[in-house]
Amino acid sequence: PYWRFLPNFKAFRLLTVATKETDGFKRFMRSARHFNYTVKVQKLKLIGEKWNGGDYISAPGGGQKVRLLKSALADIKEEDKIILFIESYDVIFSSGPKELLKKFQQTKHKVVFSAETLIWPDRHLEDKHPHVREGKRFLGAGGFIGYVPNLKKMVSDWSGEDNDSDQLFYTKLYINPEKRKSINITLDSKCRLFQNLHGALDEVVLKFEDGRVRARNVLYDTLPVIVHGNGPTKLQINYLGNYISNVWTFETGCTVCNEDMRPLSGLKESEYPGVVIGVFIQQPTPFVSVFFERLLNLQYPKNRLKLFIYNQEPHHDQHIRSFLENHEADYQAVKLIGPDEDVDPITSRNLGFDMCRDDIDCEYFFSVDVEVVLKNDETLKILIELNKPFIAPMLTKPGRLWTNFWGALSADGYYARSEDYVDIVQGRRVGIWNVPYVSQVYLVSADVLRSELKADDLFHSATLDADMAFCSKVRDQGVFMFVTNMHTFGRVLSTENYQMNHLHNDLWQIFENPVDWEERYIHENYSKIMKDNIVETPCPDVYWFPVFTEVACKHLVEEMENFGQWSGGGNVDNRIQGGYENVPTIDIHMNQINYEKEWHKFLLEYIAPVTEKMFPGYYTRAQFDLAFVVRYKPDEQPFLRPHHDASTFTINIALNQVGIDYEGGGCRFLRYNCSIRAPRKGWALMHPGRLTHYHEGLPTTAGVRYIAVSFVDP
């Protein structure tokens, strides 16, 4: 360990002890600098000394601190010097030295210790503690302030071992009336100087006022200068540390988000940090091919990327093979573990970390589960530039308050909602947040993987799921897990109810993942229909507008051909009510492939709004008796004779392209002698079905033509 001296006034010095610059120590130092506790490293022979002071969580310890304090005090000659001794890893300042010294002087004592609600480590000493009129009775060794002569006297009798309890040593001094009086010790019973959180969580709230944030003790109505997350309150000090020391205020927003950045702009591609991207597929997941498209589109030099791909699901082998066949050579290296290699999910994640640890060129491991939808192609660069040992982008699920982080934990280690969670999710508070749990996607530095997180297995637990076990082990090593909502990064797919009994299973995701379904299957110009009036009118009361993407058309055609049970084109049709079709086509009905509910949802969401715009005063529930895909071929059924449709209005969507996939085709409205001979792929024709719009299907002269037809509101 080494001592840090933070002199501010000539008669004041701050001492703390630490073994290394952890995230907690960096937070402590930042809060000290913020309040002008000028930082200076005192070069003593104690630098590099091994910590032997015990484990503060599970057993008494800290005796080494007393020895180090005693040694440091021996070198201080000024008798009017005031020394503040505090912990560092779990301490933050809420105010500056001026307020601290003023409150110390007001106590009219020479040594003031922080006070605790709970007695520790020897409960048998409870009755020996002096009673106080109001406030806490028990001494806390994590923070005290006093004059040098009194402190020297206090530690003069120390002769214990390094792993003995400093808490017990100071407590025995305090409960001894003679020594308490001779050293002139008192406790900060109302938390005016020190706030220990253990046993007092309900007492402490954040106080936002005039562009400043600090802790307030509501029980005693005091504003402590120093907040200590002692014992099992590390999560709570982390939460408070997201705000205190003016890290975030309502007036300024985040004040530290742009500190200590690692800018990548201006670097040559060869100078970018090496990254191993770990892709994990543990269950059947929709839109996997889209995931790999987005992975490919990440704005980062691919010759600085290596891929670790773990796939437990045979169904997705085809998606991975397709991606690697076309793009494996773009990356520096690729390691693939498939379902036939019998590697379990926990082992796979440990192996992914090992790939980075063992690679001298790897500076970061970017873990991404396949259900992650990274809409922001700058995500990796943004996270690296924020320069945190562990950071995740905040992801959401549309229409829900779900995210890939937890703001707090329950007593049994599961999800709990923090006070600020909703504001962070909904973007009313924007910044970088120290949280107890993240999942699905995160960036961790290789330095941390090779040091604090060097354990062979970071995911296994007898009681916790792998993701929770991992986060628990990260927290236990003192590594802060940050999540940022400074940018919009993307979302997480729902994998519930994902069926794999179709050729293109993503077509069925309109209910479970409607946003992703729309992005995949709805034409990019569809949204312009309502605001830009792009609907065309090729014939009277016939409206023509874009609705499907190329992929939607392709998937729907391939799904029908894969099903393969095309009707014979005869009048007898047992699929419909009455069993007779007056104007038959060669087709497959949507209900034959169990797609009628999804098709109805499509009509309701994407066709009904256009109908109501084009036919003012008419409102539809998009009910249909018949919805089907028709196939026209010159040697099968090339055309359809003139007819009315059994509908209030009809939707006819071209599923392939004239001049490429077929020749001829189109639709003619006889009453108006008006023909549409070049239907655009993915565009819909909408027209009245009865009375006015008697129409025919024009002959297909070559190739195969496909259309999707719906008779709406029969």
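# Briefing: packing and backbone features

Leaving aside residues up to four places away in sequence, Thr-611 touches Tyr-618, Thr-620, Phe-649 and Met-686, where contact means heavy atoms within 4.5 Å. Thr-611 is placed in helix H18, which covers residues 596-614, and is buried, its relative accessible area being 0%. The model is predicted, so local features need pLDDT of at least 70 and side-chain atom pairs count only at pLDDT 80 or more, while totals for chains, interfaces and linings use all residues. Residues are numbered from 1 along each chain as its sequence is written, and side-chain values use heavy atoms, without hydrogens and water.

- Ile-86 lies in strand S4, and with a relative accessibility of 1% it counts as buried (buried is under 20% relative accessible area, exposed over 50%, partly exposed in between, with a 1.4 Å probe and protein chains only).
- Not counting residues up to four places away in sequence, the contacts of Ile-86 include Leu-14, Leu-15, Thr-16 and Val-17, as well as Gly-142, Gly-143, Phe-194 and Ile-226.

**Aromatic pairs and cluster**

- The structure holds 50 aromatic pairs, a pair being rings of Phe, Tyr or Trp (its six-membered ring) with centres within 6.5 Å, called stacked under 30 degrees between planes, edge-to-face over 60 and tilted for the rest.
- One of them joins Phe-28 and Phe-93, a tilted pair with 5.5 Å from centre to centre and 35° between the planes.
- That pair links distant parts of the chain, since Phe-28 belongs to helix H1 (residues 23-34) and Phe-93 to strand S5 (residues 91-93), 65 residues apart.
- Both partners are buried: Phe-28 has a relative accessible area of 0%, and Phe-93 likewise stands at 0% relative accessibility.
- Phe-208 and Tyr-243 have ring centres 5.7 Å apart and planes at 85°, so their pair is edge-to-face.
- This second pair also links distant parts of the chain, with Phe-208 in strand S10 (residues 204-209) and Tyr-243 in the loop between helix H7 (234-241) and strand S13 (248-249), 35 residues apart.
- The exposure of the two partners can be stated separately: Phe-208 is partly exposed, at a relative accessible area of 30%, whereas Tyr-243 is buried, at 0%.
- A single aromatic cluster is formed by Trp-508, Trp-517, Tyr-521, Tyr-526, Phe-548, Tyr-595, Trp-599, Phe-602 and Tyr-606.

**Charges over rings**

- Lys-397 lies over the face of Trp-402, at 4.6 Å from the ring centre, the criterion being NZ of Lys or CZ of Arg within 6 Å of that centre and within 35 degrees of the ring normal.
- In a second case, the charged end of Arg-680 sits over the ring of Trp-683, and its distance from the ring centre is 4.4 Å.

**Helices**

- The axes of helix H2 (residues 63-74) and helix H5 (residues 166-175) come within 7 Å and cross at roughly 65°.
- H2 and H5 are therefore roughly perpendicular to each other.
- On the H2 side of this contact are Gly-63, Lys-65, Val-66 and Leu-69, which meet Asp-166, Phe-169 and Tyr-170 of H5.
- In helix H3 (97-106), the buried residues are Pro-97, Glu-99, Leu-100, Leu-101, Lys-103 and Phe-104.
- The cover over those buried residues of H3 includes strands S2 (12-18), S4 (82-86), S6, S7, S11 (212-217) and S12 (226-228).

**Backbone geometry**

- Most residues other than glycine have a negative phi, and most peptide bonds are trans.
- Lys-108, which follows H3, has a positive phi of about 60° although it is not a glycine.
- Lys-108 is placed in the loop between H3 and S6, and at 71% relative accessibility it counts as exposed.
- Asp-342, another residue other than glycine, has a positive phi near 55°.
- The loop that holds Asp-342 runs between strand S17 (333-337) and helix H10 (345-357), and Asp-342 is exposed, with a relative accessible area of 73%.
- Trp-120 and Pro-121 are joined by a cis peptide bond with omega about 10°, and Pro-121 is placed in the loop between strand S6 (111-116) and strand S7 (138-147).
- Throughout, helices (H or I, at least four residues) and strands (E, at least two) are DSSP runs numbered from the N terminus.
- Axes are lines fitted to C-alpha atoms, for helices over the stretch in contact, with angles from 0 to 180 degrees between N-to-C directions; under 35 degrees is roughly parallel, over 145 roughly antiparallel, 65 to 115 roughly perpendicular and the rest oblique.
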